[in-house]
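Open the model in your viewer and keep the selection panel at hand.

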Amino acid sequence: MSEMKTISQKVDELKSKGFTEDFYFKEGTLNSDNNKFKSDDIKDIVEYRFEGKSNPDDLSILYQITTSDGTKGTIVDGFGPTGDPDLAQFLLKAES
């Protein structure tokens, strides 16, 4: 069994595997420096959940995303009350 990584270690690992875009979510679209993506443009999503060391309620989700044009990147969101409900809905729609 491999040792659990921190969120920053996982991001670094994914960057080394080509997931180099730092996506951000704004006005209903997933954005990179050069593109905007609708939920229909998302090809694959893998999620990783992380719990804070000092507080188990401090949860984050790292999403590994590949778009239909081959753009690969990540976005981080909170979990539960700290999460962005609009991003969660966007990703749920993308997965269906």
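Buried means under 20% relative accessible area, exposed over 50%, and partly exposed in between (1.4 Å probe, protein chains only). The model is predicted: local features need pLDDT of at least 70, side-chain atom pairs count only at pLDDT 80 or more, and totals for chains, interfaces and linings use all residues. Residues are numbered from 1 along each chain as its sequence is written, and side-chain values use heavy atoms, with hydrogens and water left out.

Select Thr 74. Its relative accessible area is 5%, so Thr 74 is buried. Thr 74 belongs to strand 7 (residues 72-78); helices (H or I, at least four residues) and strands (E, at least two) are DSSP runs, numbered from the N terminus. Show its contacts (heavy atoms within 4.5 Å): leaving aside residues up to four places away in sequence, they include Leu 14, Phe 19 and Tyr 63.

Next, select helix 1 (residues 7-16), where Lys 10, Val 11, Glu 13 and Leu 14 are buried. Viewed down the helix 1 axis, the buried residues fall within an arc of 160° (taken from the directions from the helix axis to the C-beta atoms), so they line one face of the helix. These residues pack against strand 5 (42-51), strand 6 (59-67) and strand 7. Exposed Asp 12 and Ser 16 are on the face turned away from the buried side. After helix 1 comes Gly 18, with a positive phi near 100°.
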